[in-house]
Amino acid sequence: MVSRGLVLGLALFSCGPAAVFAAAPSIQVVPARLVPGTALRITVSGIGADARLRGTLLDTQLVFLRGPDGTWAAFAGIDLDTPPGVYIFEVSGEWDDSATLEHAGEITVVARDYPTEQLKVAGKYVEPPPEVAARIALESAELKKIWARATPEKFYDGSTMRPLAGVAGRNFGRRRVFNGKPRSPHSGADLAAPVGTPVPAAARGRVALARELYFSGNLVVLDHGGGVYTLYAHLSRMDVAEGTMVAAGDIIGQVGATGRVTGPHLHWGARIGEARVDPGRLLELLAGDR
Ligand SMILES: [Zn+2]
């Protein structure tokens, strides 16, 4: 979708006998169809390499990073619980001493009915015992801190690898009822595989977390830069340390059945800021994006 918002204060000029025109800034949003749980990319092209760009969408700061082709891109997410409707995004910036950009565009989020799924797990994962309440609160706060921190650096490099390629993970977004009690929607894709199956990183990134958490079990979180994260939960073992860089395809751990599970599988999730998005769709956007 090419968004046609207001573009004001553009510096347009021609120079020289060849009449070279500076390209007008253009702003593009992909994909065109947005439902709760969609990752999207806002691309700004036709502006200077020294640009300082800012923006917001759904109360989240857009972090624009420059690619080798001179375009600037920011990722954003439509959280699973975002109500359908029209939302405004704003982008502003300045470059080349005097050129400025003020843009207000619209995106439309349409409803999607995710099916409901009934699951049976150990009782302690549905009504956690009081003695683990503090631990759960601490872990949830720690994750929130990670999502709130958008690294202003492009770690993703265009190469991607779908973890456990060939295994269908179709339950992203499902409404979940554990032992008869409604809980949060499913924020990832569950990929069933035997314990010990190697798990590759989906894209280049820095290990933001590699730790055992109550619900996620052994969890690896990768920071791909610009507020984009992927998660790998319920691992039987973790093969990476926090702070290290991994490339797409590097093995970060093995499939397991730790935490709140019904059996061995990889829970593969993605976040853009706080927004829970479909990791498979995010990967489509990251593929080829340098
Ligand atoms: Zn899962």
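Predicted model: local features only at pLDDT ≥ 70, side-chain atom pairs only at ≥ 80, totals over all residues.
Along its principal axes, the C-alpha trace spans about 75 × 35 × 35 Å. Buried residues account for 38% of the 290 residues. Of the contacts between residues at least 6 apart in sequence, 69% join residues at least 24 apart.

The secondary structure of the protein chain consists of two helices and 23 strands. The chain is divided into domain 1 (14-109) and domain 2 (116-286), and the C-alpha centres of these domains lie 28 Å apart. Across the boundary, 15 residues of domain 1 are in contact with 22 residues of domain 2. On the side of domain 1 that touches domain 2, two or more residues come from each of strand E4 (39-45), strand E6 (60-61) and strand E8 (72-77). Strand E8 supplies the largest share, four residues. By class, this side of domain 1 has eight nonpolar, five polar and two charged residues.

Strands E4 and E8 also belong to an open sheet of four strands, arranged in the order E3-E4-E8-E7 with antiparallel pairing. Strand E3 (26-30) and strand E7 (65-66) stand at the edges of the sheet; each has a single partner strand, so one side of each is left without a neighbour there. The antiparallel pairing of E4 with E8 runs over six bridges. In one of the residue pairs, Leu 40 has Ala 76 of E8 as its bridge partner.

In soluble globular proteins, nonpolar side chains tend to be buried together. The largest nonpolar core in the model has 62 residues, and those with the most contacts inside this core are Phe 64, Val 220 and Tyr 232. Strand E18 (residues 228-235) gives the most to the core, with six residues. The core lies between domain 1 (14-109) and domain 2 (116-286), because both domains give residues to it.

Leaving aside neighbours within four places in sequence, Val 220 is in contact with Val 207, Leu 209, Ala 210, Tyr 232, Leu 235, Met 238, Val 240, Ile 252 and Gly 253. One of these partners, Tyr 232, is also named among the core residues with the most contacts.

Key:
Residues numbered from 1 in each chain as written. Core = buried A, V, L, I, M, F, W, Y, C linked by C-beta atoms within 7 Å. Buried ≥ 20, exposed ≤ 12 C-beta atoms within 10 Å, placed from the backbone. Domains from an automatic or database assignment. Contact = placed C-beta atoms within 7 Å. Nonpolar A, V, L, I, M, F, W, Y, C, P; charged D, E, K, R; others polar. Pairing = 2+ DSSP bridges.
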